[in-house]
Amino acid sequence: MPAITLTPAERKEQRGLAHHLDPVVMIGAEGLTPAIVKETDAALKAHGLIKVRMFSDDRANREATLAQLADTLNAAPVQHIGKLLVLWRPLPVKAKVEKEDRKPGPRTVKIVSFSKSGTHRPTVKKVKVFGNERVAAGGQIKRAKVRTTSVKKKAQQG
């Protein structure tokens, strides 16, 4: 698999995004081992843009390692500055799994209470209401009750 190529503008943008990142993979005296390739692949799957620190004093060796990592992992080499290597690969699209038995999540509700005299402003209070709660009259939050259906309606439905 050939490595992904970036335009100079895309590379500049990725360098800016990688500036604040910390290295997530460290390459020691052993060099590029299969375990390091596996960890780098996992980091690219999780983050997309990563920094790799290489504890080698040989610049040519670091450049060769960056090129080899980019080729084997189908990633784009973004930057090689000092002992830091920056790699980028687009994040894979995750399939979203919908659960049928899922209940509604929390929602934010505004509760407005008007003043007794018409000259003052109404007070607005934002409240988080969870899926098993409801807002009752007067702005109270109560646990939602299961609605009971009559015996006749149950007989008609099923």
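Because the model is predicted, local features need pLDDT of at least 70 and side-chain atom pairs count only at pLDDT 80 or more, while totals for chains, interfaces and linings use all residues. Residues are numbered from 1 along each chain as its sequence is written, and side-chain values use heavy atoms, with hydrogens and water left out.

Helices (H or I, at least four residues) and strands (E, at least two) are DSSP runs numbered from the N terminus. Helix 2 covers residues 34-47, and its 14 residues should span 20 Å at 1.5 Å a residue; the expected span is 1.5 Å times one less than the number of residues. The end C-alpha atoms are 20 Å apart, which agrees.

Ile 36, Thr 40, Ala 43 and Leu 44 are the buried residues of helix 2. Buried means under 20% relative accessible area, exposed over 50%, and partly exposed in between (1.4 Å probe, protein chains only). Seen down the axis of helix 2, the buried residues fall within an arc of 100°, so they line one face of the helix; the arc is that of the directions from the helix axis to the C-beta atoms. An α-helix has 3.6 residues a turn, so residues three or four places apart point the same way.

The buried residues of helix 2 pack against strand 1 (23-27), strand 2 (49-54), helix 3 (59-73) and strand 4 (84-88); contact means heavy atoms within 4.5 Å. On the face turned away from the buried side are the exposed residues Pro 34, Ala 35, Lys 38 and Ala 46. After helix 2 comes Gly 48, with a positive phi near 90°.

Strand 2 contains Lys 51. A polar atom of the Lys 51 side chain lies 3.3 Å from the backbone oxygen of Ala 18 and one lies 3.2 Å from that of Leu 21.

Gln 14, in helix 1 (residues 8-18), is buried, with a relative accessible area of 12%. Leaving out residues up to four places away in sequence, Gln 14 touches Leu 6, Leu 49, Val 78 and Trp 88.

Phe 114 lies in the loop between strand 5 (107-113) and strand 6 (123-129). Phe 114 counts as exposed because its relative accessibility is 67%.

How values were computed: Polar contact = N/O pair within 3.5 Å; in protein donor to acceptor, adjacent residues only side chain to side chain.
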